[in-house]
Amino acid sequence: MKLKVTTKILDANERIAEENKKMFKEAGVYVINLMSSPGAGKTSLLERTINAIKDKVKVGVIEGDITGTNDAERIDRLGVPVVQINTEGACHLDANMIADSAKELPLKDLDLLFIENVGNLVCPAEFKVGEDIKVMILSLTEGDDKPLKYPLMFQESSVLIINKIDLKDLLDVSVDKIRKDALSLNPKIKIFEVSCKTGQGIDEWTNWLLTNIS
Amino acid sequence: MHEASIASELLNIAINECSKNGYSKIQTIKVIIGRATGVMTDALLFAFDVLKENTPAESANLIIEEIPVRGVCKDCGKEFESNEPYIVVVCPVCGSFSLEITAGKELNITEMEVN
């Protein structure tokens, strides 16, 4: 007996991501899926950002890591609600993990939720988790060839934050090439140059953020 | 890509469809996979064979049809087709990055044989 089916195999994740999105919308929370390679500065950017905006908006964080609670502890010190997910080996967060961990956050009291994905420039871009936008970080030390080597993440992200800009004169890296290639892949991508170490450029990013979530 | 989780998900869907329609054994599952999904078919077949044990699909064959990546360049207007196993980033004719991908991202179950 032949059965005709027309089911997308990754439907389950997309369906749960849609449910998450609805849940966040009903709670009035704007959700950002933050992605980058390991060590590009996701947690440092969150620390800078939360310190700059926590008097104006109520922020929560979901931290995704393969193992450990180091990042959640860093966020916890800032006095905002945080949940740590340990993926136990998985290289990205999926919608189901977010559905579970969101229950532990006071969503109704939040305006903005950051989901810090597992450090990886490939897989996180392939899985929706229920976010409003994806924001990615590329740090200068990773090199200016990365947009063309990892195109999907640049294509999927609404914002590109170029971090470690304070090292610009010490490295053989062209910020212009990063900008040009990222914009070729995604003409709508919004680009900020920042240094989480010195604080350079953080204001521009947080001003943009505050305007976009209100 | 994530062949083991894809194999697991496709087995779930197939087993559900099978029992929903009142059957107990799956003989074949046909899927189409676009080249731009990055799915490695060998890894998917391997994961499928491991995961199907002790399920209604334990004697099932997985038949994979691969779909090439197709698209149109927004700059030169030329259509292209590629069997490269990943997303086409650059127009093969004019080198532009401004592409519209029209096929190659499929990851669907299309048909099953059950009894």
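This is a predicted model: local features need pLDDT of at least 70, side-chain atom pairs count only at pLDDT 80 or more; totals for chains, interfaces and linings use all residues.
Trainee: Let's start with the seven-stranded sheet of chain A. Which strands sit at its edges?
Mentor: That sheet is open, with its strands in the order 4-3-5-2-6-7-8 and parallel pairing. Neighbouring strands are turned by 20° against each other on average, ignoring direction. An edge strand pairs on one side only, and here those are strand 4 (82-86) and strand 8 (190-193) of chain A.

Trainee: Staying in that sheet, what stands opposite A:Val59?
Mentor: Look at strand 3 (residues 59-65) and strand 5 (residues 112-116) of chain A, which pair in the parallel sense over five bridges. In strand 5 of chain A, the residue opposite A:Val59 is A:Leu112.

Trainee: At what angle does helix 8 of chain A run to strand 8 of chain A?
Mentor: For comparison, take helix 4 (residues 95-102) of chain A, which lies across strands 3, 4 and 5 of that chain and runs at about 140° to strand 4. Helix 8 (residues 202-213) of chain A lies across strand 2 (30-36), strand 5, strand 7 (159-163) and strand 8 of chain A. Its angle to strand 8 of chain A is about 145°.

Trainee: Now the inside. Which residues does A:Ile161 contact, leaving aside neighbours within four places in sequence?
Mentor: The largest nonpolar core has 53 residues, and A:Ile161 is one of those that touch the most other members, along with A:Ile98, A:Leu113, A:Phe114 and A:Ile115. Apart from that core lies another of 24 residues, including B:Leu10 and B:Phe48. As for A:Ile161, its contacts are A:Leu45, A:Val135, A:Ile137, A:Phe192, A:Val194 and A:Trp205.

Trainee: On to where the chains touch. Which element gives the most to the side of chain A that touches chain B?
Mentor: The contact takes 16 residues from chain A and 19 residues from chain B. On the chain A side, the elements giving two or more residues are strand 1 (2-8), helix 6 (151-156) and helix 7 (175-185). That side divides into ten nonpolar, three polar and three charged residues. With seven residues, the top contributor is strand 1 of chain A.

Trainee: So which residue of chain B stands opposite A:Lys8?
Mentor: Strand 1 of chain A runs antiparallel to strand 6 (residues 107-114) of chain B, and five bridges join them. Opposite A:Lys8 in that strand 6 is B:Asn108.

Trainee: What is the strand order of the four-stranded sheet?
Mentor: Inside chain B, strand 1 (residues 26-34) is joined to strand 6 by seven bridges, running antiparallel. The edges are strand 1 of chain A and strand 2 (61-67) of chain B. Pairing in this open sheet is mixed, and the order is 1(A)-6(B)-1(B)-2(B).

Trainee: Last one, on chain B as a whole. What is its radius of gyration?
Mentor: Chain B has two helices and six strands, and its C-alpha atoms fill a box of roughly 55 × 25 × 15 Å along the principal axes. Of its 115 residues, 32% count as buried. A compact globule of 115 residues would come out near 13 Å, but the radius of gyration of chain B is 17 Å.

Key:
Residues are numbered from 1 along each chain as its sequence is written. Chains are lettered from A and ligands numbered from 1 in the order in which they are written. A nonpolar core is a set of buried Ala, Val, Leu, Ile, Met, Phe, Trp, Tyr and Cys residues joined through C-beta atoms within 7 Å. A residue is buried if 20 or more other C-beta atoms lie within 10 Å of its own, exposed if 12 or fewer, and partly exposed in between; C-beta atoms are placed from the backbone. Two residues are in contact if their C-beta atoms, placed from the backbone, lie within 7 Å. Ala, Val, Leu, Ile, Met, Phe, Trp, Tyr, Cys and Pro count as nonpolar, Asp, Glu, Lys and Arg as charged, and the others, Gly among them, as polar. Two strands pair if DSSP finds at least two bridges between them. The radius of gyration is taken over C-alpha atoms; the globule rule is 2.2 Å times the number of residues to the power 0.38. Axes are lines fitted to C-alpha atoms, for helices over the stretch in contact, and angles run from 0 to 180 degrees between N-to-C directions.
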